[in-house]
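Hello,

Here is the structure I promised to hand over. Please open it first, then read my notes below.

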Amino acid sequence: MDRAEAPKVLQRFTEGYNEAYRKLDPGVIARVESGPLAEIGNADMTTQSALTPGGNPGYPPLVLDDARFTIPKQAGWPKFFLADTRSNRDGNRWFVVFLRDGVKEPWRAAYLSILSPDKVPSFATDKDGYAEAVPAAKGKDPGLAVAPDAVSAAYTGFLRTGSGRTFAPGPRTTGLREDRDKIRRTPTFWTEFIDTPEAADGFPAPALRTSDGGALAFFTAHHRERRTMAQGLRPAITDPRMKALLRGDLQRSVTYTKVSESAVRIPKSSGAVVFLNRIESVTGVKGE
C-alpha cells in the first residue's frame, strides 16, 4: 500500500460515517464499514431511524486527525492497516483498522478501538518503516502465547466455562463472568448465555507485531443472551433503542443478539492476553 493512500482512506471513512449518521442510511455505512463495525453501524441506523425519522441533520460530525498510520508489508488478500488517530469526541486515541478484500474492493473500516494514550503500544518496524503483520493462518507459528486467529475461540470458551489461563483477570474476562452470574438465576427470570467465535472470512483477526515481540490483535465474537421470565410474568422492554430492534412477540422470553469487537495484547511465547478495549453492541432483539 502506498503510504500516501492512507490519509485518503481515513478521510473517505470519516466523510462516509458522518453522512451515514446525518441521513441514517445503512447503504452509506456499507460503503465505508465492514465486519463487526458494519454490524454495529447497521443496528445503529435501525435504532436511530426509529427515534429520529427522516435523518439527523444536526448530527455533530466526527473528526479524526493527528493520524499515525501503521502499515504492514503484505502479500495476497485480505490486506489491512491501522490508523491511530485523535478524536474530537474525547481525549483517547481512536484505533481504526481498515481492511481490503481484493484489488477491486475499497478499503473499509472493520474495527474501532478506543485506547487511552498510555495504552498505545509500540510497533516493530523494518528499516523502511513498515510494520510486521503477524501470520494468522493455521499451520504457521506466530511465536505468540496464542495465535490471533485462535483468540476468538479461546475467549468465547472462557466465557462459557471460566477455565484456562489464556486471559488476564479483568472487567472483560473474570469481571464479565461475575456480572453474568448475578442474573443467571433471579426470583423473576433466568438467563442463558451463548457465546460463539467468529470464523467467517469477512471477519479476520488482524494483528501487528509489537516492539517487545508480542502482538496487538483485533478480533470479533458473537453473543446471545436469552432471558426467560418466571411463570405468570412477561418480559418488558423500556429502552426505545431495544424496542426499535425488537422482532417477534414478547410472551415469556426475550433474546438479545450482540457482537463484540476487541483489541488485545498477546504476549510473546507465554503469559496472559490483556484486553485494551472491548466494544459490545446489541444488533437484534427477539421476543418469544
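In which hand of crossing does helix 4 pass helix 5? The crossing is right-handed: the near helix is turned clockwise from the far one by less than a right angle.

First, the ground rules. This is a predicted model, where local features need pLDDT of at least 70, side-chain atom pairs count only at pLDDT 80 or more, and totals for chains, interfaces and linings use all residues. Residues are numbered from 1 along each chain as its sequence is written, and side-chain values use heavy atoms, without hydrogens and water.

**The helix pair**

Helices (H or I, at least four residues) and strands (E, at least two) are DSSP runs, numbered from the N terminus. Helix 4 covers residues 151-161 and helix 5 covers residues 174-184. Their axes (lines fitted to C-alpha atoms over the stretch in contact) lie 9 Å apart, at an angle of about 40 degrees. Helix 4 and helix 5 are therefore oblique to each other. Angles under 35 degrees count as roughly parallel, over 145 as roughly antiparallel, 65 to 115 as roughly perpendicular, and the rest as oblique.

Contact means heavy atoms within 4.5 Å. Helix 4 brings Tyr 155, Phe 158, Leu 159, Arg 160 and Thr 161. Helix 5 meets them with Thr 174, Leu 176, Arg 177 and Arg 180. By class, this contact of helix 4 with helix 5 has 4 nonpolar, 2 polar and 3 charged residues. Ala, Val, Leu, Ile, Met, Phe, Trp, Tyr, Cys and Pro count as nonpolar, Asp, Glu, Lys and Arg as charged, and the others, Gly among them, as polar.

**Two backbone spots**

Most residues other than glycine have a negative phi, and most peptide bonds are trans. Leu 24 has a positive phi, near 55 degrees. Leu 24 sits in the loop between helix 1 and helix 2 (26-32). The peptide bond from Trp 77 to Pro 78 is cis, with omega near 0 degrees. Pro 78 is in the loop between strand 1 (64-70) and strand 2 (79-87).

Best wishes

How values were computed
Axes are lines fitted to C-alpha atoms, for helices over the stretch in contact, and angles run from 0 to 180 degrees between N-to-C directions.
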